[in-house]
Amino acid sequence: MRFQAAVLRSCEDPFTVEEVTLRTEPADGEILVEIAGCGMCRTDLAVRRSAGRSPLPAVLGHEGAGVVVKTGGGPDAAVGVGDHVVLSFDSCGYCRTCRGAAPAYCDSFASLNLFGGRKEDAARLTDATGGALAPRWFGQSSFAEYALVPARNAVRVDPALPVELLGPLGCGFLTGAGAVLNTFGAGPGEPLAVFGAGAVGLAAVMAATAAGAVTVAVDRHPGRLALAERFGAIPLPAATAGLPEQIRRLTEGGVQYALDTTASSPLINDALRALRPTGSLGLVARLHTALPLDPGTLDRGRSIRHICEGDAVPGLLIPRLTGLWQAGRFPFDQLIRTYPLADINEAERDCGAGRVVKPVLLPERGSR
């Protein structure tokens, strides 16, 4: 099967939209999805900084959504031909954490999602010269017209929804909203601070507003703060003098929960100082250096932990988020700008420059 896909050949090269060949049919537990749209996540772009740890050349993309066109059957085939689906991360399904409803902490998460996929997938996707492309990125490789994925990655959604816009619910928006709704379990009136108002942070703001929490959003970009305010948060510039004290003043004593999306050591320390006693800080961004903590920041029962994929079971959280969107309480579509798949490099530049919160790439049917 031949179709168009965006290929990243090296960390330094731009993406190239090429014809690729899928050399296998769906096996048991797999589905073939015609991609309607795929979000661009900073995790995709982080491959450029991976120093060879992620195999290239590859078709990236892990916020895909579309329509099932073939299935391989098997016990995991919970979706059928014609179903509209959102694709999320891969997991093994049988390790202790998967069985404990924590698939984001799957024992095989790194190998399945980041470092080459399943061993049986080798050389299933090739370029026009027959050269192998790295197997499924996050079980998807959905910067493409089609993606062959494990059925367990797919979440069926209402076909009345705009499926081309739903892909970011599988990762970025899932992560921010899940941190608030799952990890923190924030409720009405509870104070919460979000550091970094990008796609993940703004999803957290929207989820906190939907939950009735009192939210402060911290960012260095006025435009992002304006969006956070539109979605119900109190905006606060990151350069504010005495930032923790200002947060405590705005929340009458500090926040019970804080979410950091920036991986900035100074902001992480500010977040800890803004917590009430017994408050919790969640980190979602990958730290690339040691994290120095100031004395006293973890006193009085305060805690800090990493949160992966919003502690979500995608099959439970994604329908919850689409239901909130239909009720007008999670307006994630306001963060999206669409681009043709052919304009993937423009989308990457706009994302890197902060001109767009969430790019979504749309394959162009009949363009060949």
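Here is a friendly walk through some parts of this structure, which is a predicted model.

1. Strand β10 covers residues 191-195 and strand β13 covers residues 255-260; the two run parallel and are joined by four bridges.

2. **Helix α8, largely enclosed.** Helix α8 spans residues 265-273, and because seven of its nine residues are buried, the helix is largely enclosed by the rest of the structure. The buried residues are S265, L267, I268, N269, D270, A271 and L272. They pack against strands β10, β13, β14 and β15 and also against helix α7 (243-250).

3. D270 forms a salt bridge with R273, with the closest N and O atoms 2.9 Å apart. Both residues belong to helix α8 and are three residues apart, about one turn of the helix. R273 is partly exposed, with a relative accessible area of 30%.

4. L293 is found in the loop between β14 and β15. Its relative accessibility is 35%, so L293 counts as partly exposed. Leaving aside neighbours within four places in sequence, L293 is in contact with N269, L272 and L298. L293 and L272 are 21 residues apart along the chain, and their C-alpha atoms are separated by 9.0 Å.

5. **R302, a buried arginine without a salt bridge.** R302 also has its place in a loop, the one between β14 (275-283) and β15 (303-306). R302 is buried and has no salt bridge; D299 has the nearest side chain of opposite charge, 5.9 Å away. What does lie 3.1 Å from a polar atom of the side chain of R302? It is the backbone oxygen of D299. Not counting residues up to four places away in sequence, R302 touches L272, L275, R276, T278, G279, G296 and T297.

6. The model has a count of 15 salt bridges. In one of them, the side chains of D127 and R9 meet at 2.9 Å, N to O. These partners are 118 residues apart: D127 is in the loop between β7 (125-126) and β8 (146-150), while R9 is in the loop between β1 and β2. D127 is buried, with a relative accessible area of 7%, and R9 counts as partly exposed at 31% relative accessibility. A network of salt bridges links R9 and D127 together with E18.

7. **Helix α10 and what covers it.** Helix α10 runs over residues 344-352, and its buried residues are I344, N345, A347, E348, D350 and C351. What covers these buried residues? The cover includes the strands β1 (2-8), β2 (16-22), β16 (336-340) and β17 (358-362), along with helix α1 (42-45).

8. **Around the end of α10.** D350 counts as buried, at 8% relative accessibility. D350 forms a salt bridge with R355, and the closest N and O atoms of this pair are 2.9 Å apart. Just after α10 comes G354, which takes a positive phi of about 75°.

How values were computed:
Residues numbered from 1 in each chain as written. Predicted model: local features only at pLDDT ≥ 70, side-chain atom pairs only at ≥ 80, totals over all residues. Heavy atoms only, no water. Buried < 20%, exposed > 50% of the residue type's maximum accessible area, 1.4 Å probe, protein only. Lys, Arg positive; Asp, Glu negative; His and termini not counted. Salt bridge = Lys/Arg side-chain N within 4 Å of Asp/Glu carboxyl O. Polar contact = N/O pair within 3.5 Å; in protein donor to acceptor, adjacent residues only side chain to side chain. Contact = heavy atoms within 4.5 Å. Pairing = 2+ DSSP bridges.
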